[in-house]
Amino acid sequence: MSCGNGRTTSGGQGGGGIYIIAKNVVLNGSINLNGGNGGYDVWTCTQTYTQIAGGGGSGSAVIRTNNIISNNVNFSGVGGFQTAPGNCNKRGGNGNLLILN
C-alpha cells in the first residue's frame, strides 16, 4: 500500500455579485450569493488531512434605485468554509447588501 494518493485540492469558488439599477424596485424573495466550501484530501496511510484549501468569499449585492416600493428580501452572503475535521478556521469573507436611493 502506498502512502498518499497524489490528488490535489482546490479552494471554494467565490459567490457572484450583482449590481441592479432601476427607477422603482420591489424586493421580495431571496438573494443568495454564498461562497463555495474548500476541499481536502486524506492520505491513505496516516489518515492525516493534507492539501487543505480554504473556502471562497461570498459575493455582494448593490441596488441603486429612486424608489423602493417594497423591501422584503432575505439576503444571504456567507463565505464558504473548510470541511476537513479540525480545520474549519479557513472561512471565506462574507458579502453585503447595499441599497442606495
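Contact, as used in these legends, means heavy atoms within 4.5 Å. This is a predicted model in which local features need pLDDT of at least 70 and side-chain atom pairs count only at pLDDT 80 or more, whereas totals for chains, interfaces and linings use all residues. Residues are numbered from 1 along each chain as its sequence is written, and side-chain values use heavy atoms, with hydrogens and water left out.

View 1. Ser76 is placed in strand E4, where strands (E, at least two residues) and helices (H or I, at least four) are DSSP runs numbered from the N terminus. Ser76 is buried, with a relative accessible area of 18%; buried means under 20% relative accessible area, exposed over 50% and partly exposed in between, with a 1.4 Å probe and protein chains only. Not counting residues up to four places away in sequence, Ser76 touches Ile31, Asn32, Leu33 and Asn34. With Asn34 there is also a polar contact, side chain to side chain, at 2.9 Å; such a contact is a pair of N or O atoms within 3.5 Å, and within protein one must be able to donate a hydrogen and the other to accept it, while residues adjacent in sequence count only if both atoms are side-chain atoms.

**View 2. Ser58 in the loop between two strands.** Ser58 lies in the loop that runs between strand E3 (49-50) and E4, and is buried with a relative accessible area of 15%. The Ser58 side chain reaches two backbone oxygens, that of Leu33 at 2.7 Å and that of Gly77 at 3.4 Å. Apart from residues up to four places away in sequence, the residues that Ser58 touches include Gly15, Asn34, Gly35, Val78 and Asn94.

**View 3. The largest nonpolar core.** This core has 6 residues, namely Val25, Leu27, Ile31, Leu33, Ala61 and Ile63, a nonpolar core being a set of buried Ala, Val, Leu, Ile, Met, Phe, Trp, Tyr and Cys residues joined through side-chain atoms within 4.5 Å. Strand E1 (18-32) and strand E4 (61-76) each supply at least two residues of the core, and E1 gives the most, with 3 residues. Ala61, leaving aside neighbours within four places in sequence, is in contact with Ile18, Leu33, Phe75, Asn96, Leu97 and Leu98.

View 4. Asn67, found in strand E4, is partly exposed, with a relative accessible area of 35%. Although Asn67 and Lys23 are 44 residues apart in sequence, they are 6.3 Å apart in space, C-alpha to C-alpha. Beyond neighbours within four places in sequence, Asn67 is in contact with Lys23, Asn24 and Val25, and the Asn67 side chain makes a polar contact with the side chain of Asn24 at 3.2 Å.
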